[in-house]
Amino acid sequence: MKLPPFEYACPATLNEAVALLASHGGEAKALAGGQSLMPMMAFRMARPTLLVDLRKLKDLRQIKVGADGVRLGALARWRDILDDKRLDTAHPLLKDAVSHVAHYQIRNRGTVGGSIAHADPAAEMPGICQTCEAVITAVGNDRAGATHAVLAADMGAGELQVMAQAVGKCCAWLDRCLVGLAVDREPRDLPLAHTLSPRPGCAADESARSVSTCSSARR
Ligand SMILES: Cc1cc2nc3c(=O)[nH]c(=O)nc-3n(C[C@H](O)[C@H](O)[C@H](O)COP(=O)(O)OP(=O)(O)OC[C@H]3O[C@@H](n4cnc5c(N)ncnc54)[C@H](O)[C@@H]3O)c2cc1C
């Protein structure tokens, strides 16, 4: 099916991108890999009047590994995570979870930021955010480009569906551009979380199960 008409912009800086996202009265949308946005537009479930292509914002592709954890740029693709050897030791859980995402064509284009903003409760990333107490950052055009940090663990009290919807709304709200995600080192109870196989098939259910089991084990 053909896409509905839209304007297209490909800004070179984050400031330009957030200004563009704010310019169409809530009708502009960021374009990352297009893996969900394009089908949504084709099915007329989304009708943005402006697409703001983030592809030139190279800084948002970075993956940083430090003593305090891992920082994923919003444009880091699943493929980038899987190819990053540092994550084998820095965050095996993240790598393991991402290896379950779709098939390689999707993994070559799908991004961390796109997954969080799209907020599909069946996706792997909301589960990782909840389990690893991720902090999600977004930049908006409000208050001169203020950065907003959202603690994923605060948003859902174990209800990943609610968390995912809340993060999605937060991103759409005030025309923000997600810039990245900080995931803590693996949770203390990881060995316990890892015993929860076989996977039932839905990442949100699996992580909700692991979080609640870890919490009861702490009591
Ligand atoms: C066939 C298929 C199978 C899939 N299987 C899985 C799976 O098994 N597990 C899984 O976890 N995921 C799966 N996905 C989801 C996929 O991995 C991507 O995470 C998802 O489609 C988002 O794609 P994208 O990064 O290209 O974002 P886009 O499609 O470009 O954007 C998606 C949404 O996010 C918004 N957005 C994107 N980037 C930003 C940003 N930086 N700031 C603000 N808003 C932003 C867009 O405006 C849009 O609303 C699947 C997708 C498809 C099509």
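## Overall architecture

The protein chain contains 11 helices and 8 strands; helices (H or I, at least four residues) and strands (E, at least two) are DSSP runs numbered from the N terminus. This is a predicted model, in which local features need pLDDT of at least 70 and side-chain atom pairs count only at pLDDT 80 or more, while totals for chains, interfaces and linings use all residues. Residues are numbered from 1 along each chain as its sequence is written.

Of the 219 residues of the protein chain, 42% count as buried. A residue is buried if 20 or more other C-beta atoms lie within 10 Å of its own, exposed if 12 or fewer, and partly exposed in between, with C-beta atoms placed from the backbone. Among contacts between residues at least 6 apart in sequence, 63% join residues at least 24 apart; two residues are in contact if their C-beta atoms, placed from the backbone, lie within 7 Å.

## The three-stranded sheet

An open sheet of 3 strands has the order β1-β3-β2 and parallel pairing. Because β1 (7-9) and β2 (28-31) stand at the edges with a single partner strand each, one side of each is left without a neighbour in the sheet. The twist from one strand to the next averages 25 degrees. Strands are taken to pair if DSSP finds at least two bridges between them.

β2 and β3 (residues 50-53) run parallel and are joined by 4 bridges. Within this pair, A28 stands opposite L50 in β3. Helix α1 (residues 14-21) lies across β1, β2 and β3, running at about 165 degrees to β3; axes are lines fitted to C-alpha atoms, for helices over the stretch in contact, and angles run from 0 to 180 degrees between N-to-C directions.

## Nonpolar core

The largest nonpolar core has 48 residues, and those with the most contacts inside it are V52, L54, L94, C177 and V183. β8 gives the most to this core, with 6 residues. Such a core is a set of buried Ala, Val, Leu, Ile, Met, Phe, Trp, Tyr and Cys residues joined through C-beta atoms within 7 Å.

Not counting residues up to four places away in sequence, V52 touches A9, P11, A17, L20, L21, A28, K29, A30 and L31.

## Ligand surroundings

The ligand is surrounded by 28 residues, the closest being G33, A102, G110, G114 and A123; a residue is near a molecule if its C-beta atom, placed from the backbone, lies within 6 Å of it. At least two residues of this shell are supplied by each of β2, α6 (104-109), α7 (112-118), α8 (124-131) and β8 (177-183). α7 gives the most, with 5 residues.

By class, the shell has 15 nonpolar, 10 polar and 3 charged residues. Here Ala, Val, Leu, Ile, Met, Phe, Trp, Tyr, Cys and Pro count as nonpolar, Asp, Glu, Lys and Arg as charged, and the others, Gly among them, as polar.

## Individual residues

K95 lies in helix α5 (residues 92-98) and is partly exposed, with 18 other C-beta atoms within 10 Å. K95 touches I81, L82, L87 and D88, not counting residues up to four places away in sequence. The C-alpha atoms of K95 and W78, 17 residues apart along the chain, are separated by 9.0 Å.

R44, in the loop between α2 (37-42) and β3, has a positive phi of about 65 degrees although it is not a glycine. R44 counts as exposed, with 10 C-beta neighbours inside 10 Å. E133, also not a glycine, has a positive phi of about 50 degrees and is found in the loop between α8 and β6 (135-139). E133 is partly exposed, with 16 other C-beta atoms within 10 Å.
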